Amino acid sequence: MTAMVKAEGVHKSFGPAHILKGIDLEVAPREVFCLIGPSGSGKSTFLRCINHLEQISAGRLSVDGELVGYRQKGDKLYELKDSEVALKRRDIGMVFQRFNLFPHMTAIENVMEAPVQVKRESKAVARARAERLLDRVGLSDKANSYPSQLSGGQQQRVAIARALAMEPKLMLFDEPTSALDPELVGDVLDVMRGLAEDGMTMIVVTHEMGFAREVGDALVFMDDGVVVESGHPRDVLTNPQHDRTKSFLSKVL
C-alpha cells in the first residue's frame, strides 16, 4: 500500500536557520497521525511543506506516491510550475490556527468559494455540498452568518467545512484548537473525531494530548527539527523512552 505521506531525509532552512533536520516518517491512508512538541520544533513548517506552501531544502517528500513540489524524470528532479503546484494542492485540505475565513463572506460563501473558483463548479452544486458540510459540522443554522458573528469555535468548524469542500484525500490541522477558549475546543475536536471515524487521513499538530491518545493511530514527538520519538500515542504518552520526551510530557500532561 502506498503511504499517503512519506518523508525521507527532509530538511528545510530559512537562510541560516535550519528548521527541519532530516525528517523521516510515513503516514498510512486513513491514519490519524499526531505531531507534538514544543513551539519552534518544526511541526508547522513540516505541515506547510506537505501542502506546497514551503519548498523543502533537501530530501524527498511525497503525497500519495507523488513528489511534493517536483517531478522526477530519470535521475533528475524538476521544480513544478506554480500552476502545477496549485493543481496538486487541491487534494490537500489545511486548517490553520487562526481560521483565515474571508470576513466579507458568509459561512456558506466561504465554503463554496474554492470549488467555484478553483474547480469551476456551478454555484448550485457548490452550494448543495456546502449545505451538507455545514450540517456535518453542526452549523447549518449559521450558513448566512458572517465570521464576525460567529464564535472562534464556530469559525474553526466553518474552516474545516471549507477545507472539506475540495474533497481532499488528506487533511492537515495546524494546532486547530490553540486559539480557542477552552469551552469551545470540544466541538471542534468532535468534528475531527467524526472525520477520523469516516476514514479521512489526517495529520494533526496538537497540544490536545487527550485527543491524540483517544483518536490518534500514530504519534511523533519533534524537538529542534528532528523526530525524537514515535509510536502509538498511548505508548508514547504513558511510557516515553527518551528523556526529552519525558521532560516535555511532564509539563503538558
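A charge counts as sitting over a ring when NZ of Lys or CZ of Arg is within 6 Å of the ring centre and within 35 degrees of the ring normal. In this predicted model, local features need pLDDT of at least 70 and side-chain atom pairs count only at pLDDT 80 or more, while totals for chains, interfaces and linings use all residues. Numbering runs from 1 along each chain as its sequence is written, and side-chain values use heavy atoms, with hydrogens and water left out.

Arg162 has its charged end over the ring of Phe102, 5.8 Å from the centre.

Now for ring on ring. Rings of Phe, Tyr and Trp (its six-membered ring) pair if their centres lie within 6.5 Å; planes under 30 degrees apart are stacked, over 60 edge-to-face, and the rest tilted. That gives one aromatic pair. Phe221 and Phe248 have ring centres 5.1 Å apart and planes at 35 degrees, so they make a tilted pair. Both are buried (under 20% relative accessible area, with over 50% exposed and partly exposed in between; 1.4 Å probe, protein chains only): Phe221 is at 0% and Phe248 at 8%.

As for the nonpolar cores (buried Ala, Val, Leu, Ile, Met, Phe, Trp, Tyr and Cys joined through side-chain atoms within 4.5 Å), the largest holds 49 residues, and Leu134 is one of those touching the most other members. Apart from this core lies another of 27 residues, including Val27 and Phe46.
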